[in-house]
Amino acid sequence: MKKILFLLTAAVLFTGCSKQKENTQQIKQISENSPDHEWYFFTPHGFEKTSLPQKSGISSLKPWTETLRASDANTGPDGKGYLVVNRLGVIFFDGDSSGVLMQDYSLFSNSTASTLIFDSGNPYITFSRSSFFNTNAALEETSSYDSNRPYLVRISSAMRSFYPVITYGDLNLSSGGEITGTHYDGSNFLCSVKLRKHEKTYFSYIKFSSEEHLETLAPYTVKGKLKLEDSTEAAYRKVNSPSPFRQAPLRLKKLLSSIPDNFDFAVRCKNNGGSSDRLYTSNFDSDGISAASAIISDGWICAVFEDGTTYFNGALENQNIVNKGKNMAFRLPKLPENYIYGPFCISGNKLAVAWEESDFYKTGRSGFLVVDLNRVLYER
């Protein structure tokens, strides 16, 4: 979903960060051979260590909705990290561990896992099927449809398992139609739906919520489980379109305050353990915007650009405040050409950042980098 929203609202956001200009703030570079990080790449059965991204297992370029790649990430309110890996599962980080993979073949094998949200402290992910690339997408009005097909699934790190809570039948899509985008504001879901009828394509928009806690909902279709209502394209665009960076949260503006005014960027910002992210841009009209992801937690704030430039302020769990409360900046190891950094999470002293080989809408090699933030932030 995240790539689709970027393309719909600001196509220039995916030009990469190779044009990152020199910042006025001193930036520490993590060297390629330093002991403070480890590389991992995704395989059809999990993930393995590698010396460098370009030396990981060969993976042909495929549409991003159908291949192995980290589609979203965040840190939960309990300090645990989650990295959602499309067509594979969820990598769970608890404290200083290097990550544990949770899998469910029936969920991940033939659907796109995308949006990661939190509700009442619990993490959830959405599942959909691309009408462009997935032949099993039930787009036609007369499609054969499994009404109990999961749409929203709860992640249980304690049980290392997944529990469906909302199905496509609950959304009244049992006669065809695919979710193409989701926004959750903490109470209500707002979704776009694509449907083919009489050889024509239609988009509609729905808004829904539950009077019960999501974790208590039945894993199968139940009439009346949700409060459903029609919405509009205008409402959907409003929550998914970029906002001026001057409207960003104050802590994010302070974190990136040293970036020169003539450097154009866009950042997707979310709260740890929160709802859907919001997109902010410094220049709507630029042809060369650099993209970043940011997370705001009670104790710290962090932003990672696609070229690896990272900004941090605050303190890790059970640690002192970094750099006497001033912003700290460092660059992750340089990636090869056409590779970018993506979503991230922080748990304990570990920063886990996704990386991928990117070619417009296709992804090749992919994996994640684990950085020991104790070494980077506190040992100077």
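Trainee: Which side-chain polar atom lies 3.5 Å from the backbone oxygen of glycine 364?

Mentor: The polar atom belongs to the side chain of serine 59. A polar contact is a pair of N or O atoms within 3.5 Å; within protein, one must be able to donate a hydrogen and the other to accept it, and residues adjacent in sequence count only if both atoms are side-chain atoms. The model is predicted, so local features need pLDDT of at least 70 and side-chain atom pairs count only at pLDDT 80 or more, while totals for chains, interfaces and linings use all residues. Residues are numbered from 1 along each chain as its sequence is written, and side-chain values use heavy atoms, with hydrogens and water left out.

Trainee: What does serine 59 touch?

Mentor: Leaving aside residues up to four places away in sequence, serine 59 touches Gly364 and Arg365; contact means heavy atoms within 4.5 Å. Serine 59 itself lies in the loop between β3 (46-50) and β4 (62-63). Strands (E, at least two residues) and helices (H or I, at least four) are DSSP runs numbered from the N terminus.

Trainee: Why does serine 59 count as partly exposed?

Mentor: Serine 59 counts as partly exposed because its relative accessibility is 30%. Buried means under 20% relative accessible area, exposed over 50%, and partly exposed in between (1.4 Å probe, protein chains only).

Trainee: How many residues of strand β5 are buried?

Mentor: Seven of the seven residues of β5 (residues 69-75) are buried, and the strand is mostly covered. Over the chain of 380 residues, 58% count as buried.

Trainee: In which sense do β5 and strand β6 pair?

Mentor: Two strands pair if DSSP finds at least two bridges between them. Strands β5 and β6 (residues 81-86) pair in the antiparallel sense over six bridges, and alanine 73 stands opposite leucine 83 in β6. Their hairpin has five residues between the strands, and there glycine 79 takes a positive phi near 85°.

Trainee: In what order do the eight strands of the open sheet stand?

Mentor: The order is β1-β23-β22-β21-β20-β18-β19-β17, with mixed pairing. Its edge strands, β1 (28-29) and β17 (243-244), each pair on one side only. Within the sheet, β21 (residues 300-305) and β22 (residues 309-314) are antiparallel partners over five bridges, with valine 304 opposite threonine 310 in β22.

Trainee: How many helices and strands does the chain have?

Mentor: The chain has five helices and 26 strands. Among its contacts with a separation of 6 or more, 60% come from residues 24 or more positions apart.
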